[in-house]
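Good morning, colleagues. Please look at the model on the screen while I go through its fold.

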Amino acid sequence: MVFRQCAGCKINDDRNNLIRITFAKIKGQIVINKADRFIFGRSLYLCKDIKCRRLFANPKKMKHYFASRQKIAVGEINLDDNIIEEIIK
Ligand SMILES: [Zn+2]
């Protein structure tokens with residue numbers, strides 16, 4: 001098992017139990033990274049707790065998270081509304 005940490009509550013869990021959100025740098029796009037379509041890039045993990053998901057179900061917060069880690073401008077990051085919807089559904 002590969003353990004990753006939830007960006008909300010900081011709990012460590014099996015990567016497969018967490019939702020993985022990746023910044024695909026080449027496309028400049030934030031995507032939900034499913035195991036069947038693995039995408040390279042810096043990732044953020046969230047557990048199944050709706051409180052953690054709601055924390056990041058905010059386009060501004062999500063863009064800032066990746067912008068600061070990639071050391072790029074927020075304006076260089078694209079995020080579709082359906083990504084936010086998928087995180088909190
Ligand atoms: Zn959590």
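I begin with a pair of strands: β3 and β4, the latter covering residues 29-32, pair in the antiparallel sense over four bridges. Strands here are DSSP runs of E with at least two residues, helices are runs of H or I with at least four residues, and both are numbered from the N terminus. Two strands are said to pair if DSSP finds at least two bridges between them. Within this pair, I21 has I32 in β4 as its bridge partner. The two strands form a hairpin with four residues between them, and G28 in the turn takes a positive phi of about 70°.

A word on provenance. This is a predicted model, in which local features need pLDDT of at least 70 and side-chain atom pairs count only at pLDDT 80 or more, while totals for chains, interfaces and linings use all residues. Residues are numbered from 1 along each chain as its sequence is written.

On its other pairing, β3 runs antiparallel to β5, joined by five bridges. There, I19 stands opposite L46 in β5.

Leaving aside neighbours within four places in sequence, its contacts include C6, L18, C52, F56 and I87; a contact requires C-beta atoms, placed from the backbone, within 7 Å. Together with C6 and I30, L46 touches the most other members of the largest nonpolar core, which has 15 residues. Such a core is a set of buried Ala, Val, Leu, Ile, Met, Phe, Trp, Tyr and Cys residues joined through C-beta atoms within 7 Å. Buried means that 20 or more other C-beta atoms lie within 10 Å of the residue's own, again placed from the backbone.

Which elements each supply at least two residues of this core? They are β3 (19-24), β5 (42-46), α1 (50-56) and α2 (59-70). The largest share, three residues, comes from β5.

As for α2, its twelve residues should span 16 Å at 1.5 Å a residue, and its end C-alpha atoms are 16 Å apart, which agrees; the expected span is 1.5 Å times one less than the number of residues. Just after α2, K71 takes a positive phi of about 55°.

Finally, the whole chain. From the N terminus on, its elements run β-β-β-β-β-α-α-α. The radius of gyration is 12 Å, close to the 12 Å that the globule rule gives for 89 residues, so the chain is as compact as a globular protein of that length. That radius is taken over C-alpha atoms, and the rule is 2.2 Å times the number of residues to the power 0.38.

Methods
Buried ≥ 20, exposed ≤ 12 C-beta atoms within 10 Å, placed from the backbone. Contact = placed C-beta atoms within 7 Å.
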